[in-house]
Amino acid sequence: MAGNTLELKRISASAAPPPGIRETPVLAKYIDTTTCIGCKACEVACQQWNDLPPETTVQIGTYQTMPDMTANFWNLIRFSEYEDEGGFHWFMRKDQCMHCGDPGCLKACPAPGAIVQYVNGIVDFQQDQCIGCGYCMAGCPFNIPKLSSKTKTVYKCTLCVDRVAVGLEPACIKACPTGCLQFGTKAQLLEIAAKRVGQLREGGFKEAGIYDPPGVGGTSVVTVLAHADRPEIYGLPANPSIPLAVSFWKAPLKWLGNIAMIGGIVGTAIHYLRYGAKHAEGHTEGPAERPPESRAS
Amino acid sequence: MILRYTLKERIVHWVAGFVYVYLLLTGLAFYTPKLYWLAVALGGGTTSREWHPWAGLVFVAATVFMYRMWAADMRITDADREWSRAIGRYVRNEDAHLPPVGRYNAGQKYFFWLMFLGGALLLISGVAMWFTASIPWSLRWLRHAAVLVHVSAGLATIGGFIIHVYMGTAVVRGGFTSIVRGEVSEEWARTHHRMWKR
Ligand code: HEM
Ligand code: SF4
Ligand code: SF4
């Protein structure tokens, strides 16, 4: 979270803000998994810039720092080993929030303003508005938001919105020694990525490609994969989208419920006006005591 | 006067009633941003989120008590099915043309079972939502199913609740007094529950 003056595009649990007239390019980070050397400089830079407390590393039998990101650890290099006809592969992929164009976390969130999307594409959690319900953890297709047991609010990569807002590049990108991480407008980065994919294909990686899944409106993370036909082997979902259950919950189910509740209240009111109360035999309460059948209808 | 509800029955009913209304208001605040102000009025979003599940446990406890007190009276019989077929007459206040009923009519019985089953579903799904973060990613369908079940069951009980409150206060005069003070008149018992004290 960061207080800043960036324009907003979407706000959780709120009417959409008016569209700005200024044309703002969507920003993104570029991750080339084929030139990442797994040095984890980005992990350290993220911890350092965001002033996060040290997290205990957990040995899981690979070079990976811990099994999954945590509320205090937003940037994780995932190491995976994979074998196929082509031989043995060792993959390193920088994992963090994908900053979806159509963020499932934001759609699921019930707290106004707890999740915002800036016009530059950054999706950011505002912990002071977050109520800790965890709905975003059901809405995100990438398993990103993490609930802090200490603050009872949710955290994830901010794409260093506080740096970006003042014209700096994110800390992870600043720290990367190989240039496999870059920052810029998404359009620029897609061009760079296309060039890199061309090189890879020439070099024999026939299935090289860009991971920018349309199911979530594209992401502000442009990832180059040598085996883009099988993103699962990098731990990426093949066709991510906002879970159907979440879309159903937030639209048709809500309308149905609203109609049913308003219908129930209106229905009972009309019933009362038309039929009124039932009275016990022998009660005398005044004129309303006429037997119901004799009432004008 | 005839005793319809003992003090214990009344206490349990009102614990369930007040807690349900709290659950309803805080739940609706999360259900739609248009009603989020309810959570703000009830102490803020974080407080409402924190207390809603605990209130849910109290509601379920009260429901278990009600089950133990009333389940025997709530069994659906053939007479109830006959009554249900003629429910249109009940709706039109033509009660004289209905089969006589015991302590509860079929509508009340169905409402009881709706709340009982709804409460069970709300508990199971609610606990899953309470601890979403502990549901492993490989079982994420549980995170999704929990919200759908919770909302659907919540809406079903809300429908029953609206009719229950309306009938108990506006339509069946004397019903509200009976669950507050415990007593009803003989005429009331004879009119609305002829087979009850025979
Ligand atoms: C039986 C025990 C119950 C438990 C453990 C429970 C738990 C929860 C939890 C954890 C949430 C997520 C928000 C939060 O953390 O506060 C929630 C939401 C909700 N609950 Fe419950 N609850 C229970 C009973 C009820 C009842 C009786 C109602 C009656 C209407 C209800 C209606 C709702 C609604 C409408 C929502 C919001 C759903 C949405 O966001 O669309 N709950 N509940
Ligand atoms: S945990 Fe916070 S950010 Fe996530 S959905 Fe709930 S209120 Fe929104
Ligand atoms: S990756 Fe998850 S947390 Fe990040 S923007 Fe997309 S839905 Fe939200």
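**Conventions.** I number residues from 1 along each chain as its sequence is written, with chains lettered from A and ligands numbered from 1 in the order in which they are written. In this predicted model local features need pLDDT of at least 70, side-chain atom pairs count only at pLDDT 80 or more, and totals for chains, interfaces and linings use all residues, while side-chain values use heavy atoms, with hydrogens and water left out.

**Chain B, overall.** I found 9 helices and 2 strands in chain B; helices (H or I, at least four residues) and strands (E, at least two) are DSSP runs, numbered from the N terminus. Their order along the sequence is β-α-α-α-α-α-α-α-α-β-α. The C-alpha trace spans about 60 × 30 × 30 Å along its principal axes.

Of the 198 residues in chain B, 48% are buried, that is, under 20% relative accessible area (1.4 Å probe, protein chains only). I then looked at contacts, meaning heavy atoms within 4.5 Å. Among those in chain B between residues at least 6 apart in sequence, 73% join residues at least 24 apart.

I noted 21 positive and 11 negative side chains in chain B; Lys and Arg count as positive and Asp and Glu as negative, without His and the chain ends. The centres of the two sets lie 7 Å apart, each charge being placed at NZ of Lys, CZ of Arg, CG of Asp or CD of Glu.

**B:Val101.** I located B:Val101 in the loop between helix 5 (87-91) and helix 6 (106-130) of chain B. Its relative accessible area is 10%, so B:Val101 is buried. Leaving aside residues up to four places away in sequence, B:Val101 touches B:Trp83, B:His192, B:His193, B:Arg194, B:Met195 and B:Trp196. B:Arg194 is 93 residues away along the chain, yet the C-alpha atoms of B:Val101 and B:Arg194 are separated by 5.8 Å.

**B:His52.** I placed B:His52 in helix 3 (residues 45-70) of chain B. B:His52 counts as buried because its relative accessibility is 17%. Beyond residues up to four places away in sequence, B:His52 touches B:Tyr22, B:Leu23, B:Thr26, B:Gly27 and B:His150.

**Ligand shells.** I listed residues with a heavy atom within 4 Å of each ligand. Around ligand 2 there are 13 residues, the nearest being A:Cys109, A:Cys130, A:Cys133, A:Gly134 and A:Cys136. Ligand 3 is surrounded by 14 residues, and A:Cys97, A:Met98, A:Cys100, A:Cys105 and A:Cys140 are the closest.

Key. Buried < 20%, exposed > 50% of the residue type's maximum accessible area, 1.4 Å probe, protein only.
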